[in-house]
Amino acid sequence: MVTELIVLSKALNAEDYTTGPWPSVPVVNSAAKFICICGPAVSSARTEKKNRMAPFALDHDSCPVIKNILLLDSEGKRVAVKYYCDEWPTNSAKLAFEKSVFTKTQKTNARTEADITLLDNNIIIYKFVQDLHFFVTGAVDENELILASVLQGFFDAVTVLLRNNVEHREALENLDLILLCLDEIVDGGMVLETDGNVIALKVASHNMDDGTSLSEQTISQALATAREHLTRSLLR
């Protein structure tokens with residue numbers, strides 16, 4: 001999980017933030033579009049006040065929280081899913097939710113760009129590509145732009161790793177890569193990374209280092225493609 005403490009000494013008066021509660025604000029960096037900043041910087045001159053400071057902790061009310069990421073086929077069946085909360089405690093509850101999501105969205109046109117819907121007090125951002133349906137779920141009061149950035153990052157990473165052949169059969173043949181993508185994007189509901197090229201590069205690098213049984217050509221191609229896309233994005 002990415003958590004950074006940013007010292008805003010030039011912008012904020014530290015005197016005002018020595019007793020808490022402290023603000024948690026979204027910050028854009030290379031690791032994620034939005035990230036939590038927790039707690040102030042305390043100068044050595046105020047060490048006697050440390051006993052009045054609460055322990056550094058993530059403020060889940062202000063941090064973007066992802067409830068689940070779903071990748072379903074054109075019939076609503078699972079390809080790869082990851083849940084990050086206990087709202088659906090059993091596998092049958094998860095399957096029922098996936099069916100409801102698919103049923104509500106299957107007749108919409110979300111192929112040219114991502115779409116949004118509400119279901120059971122949840123916001124769902126989704127996108128269809130050939131016979132694959134991508135979904136990202138958050139709370140009803142979550143920022144849809146954050147959810148959209150997670151969805152786009154997941155889609156972009158899968159596109160790179162599948163060498164632009166984003167379809168059901170190819171996804172099943174490279175399921176390990178897709179599951180690793182999910183691990184690189186979100187951890188415990190907290191957003192780690194939303195840049196698809198960076199995600200794909202990490203996934204490909206991990207597989208080459210671990211010496212897994214995946215095709216060496218597949219990994220090498222994905223790694224080369226990810227590096228090429230990343231280089232282009234940096235040069236823009």
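Among contacts in the protein chain between residues at least 6 apart in sequence, what percentage join residues at least 24 apart? The figure is 54%, where a contact means heavy atoms within 4.5 Å. Welcome to this predicted model, in which local features need pLDDT of at least 70, side-chain atom pairs count only at pLDDT 80 or more, and totals for chains, interfaces and linings use all residues. Residues are numbered from 1 along each chain as its sequence is written, and side-chain values use heavy atoms, with hydrogens and water left out.

**Confidence**

- The protein chain has a mean pLDDT of 75, and 61% of its residues reach 70 or more; pLDDT is the predictor's confidence in each residue, from 0 to 100.
- Residues 1-60 have a pLDDT below 50, and this stretch has 77 contacts in the model beyond near neighbours in sequence.
- Residues 212-217 also have a pLDDT below 50, with five contacts beyond near neighbours in sequence.

**Overall make-up**

- The protein chain has six helices and seven strands; these are DSSP runs numbered from the N terminus, with helices being H or I of at least four residues and strands being E of at least two.
- Along the sequence, the pattern reads β-β-α-β-β-β-α-α-α-β-β-α-α.
- Of the 236 residues in the protein chain, 44% are buried (under 20% relative accessible area, with exposed being over 50% and partly exposed in between; 1.4 Å probe, protein chains only).

- Five strands make an open sheet in the order β2-β1-β5-β4-β3, with antiparallel pairing; two strands pair if DSSP finds at least two bridges between them.
- At the edges stand β2 (78-83) and β3 (115-119), each with a single partner strand, so one side of each has no neighbour in the sheet.
- From one strand to the next, the twist averages 20°.
- Strand β1 (residues 66-73) is joined to β2 by five bridges, and the two run antiparallel.
- Leu71 has Ala80 in β2 as its bridge partner.
- Helix α1 (residues 91-105) lies across β1, β2, β3, β4 (122-129) and β5 (132-139), at about 115° to β2; axes are lines fitted to C-alpha atoms, for helices over the stretch in contact, and angles run from 0 to 180 degrees between N-to-C directions.

**A look at Val191**

- Val191 belongs to strand β7 (residues 190-191) and is buried, with a relative accessible area of 7%.
- Val191 and Val150 are 41 residues apart along the chain, and their C-alpha atoms are separated by 7.7 Å.
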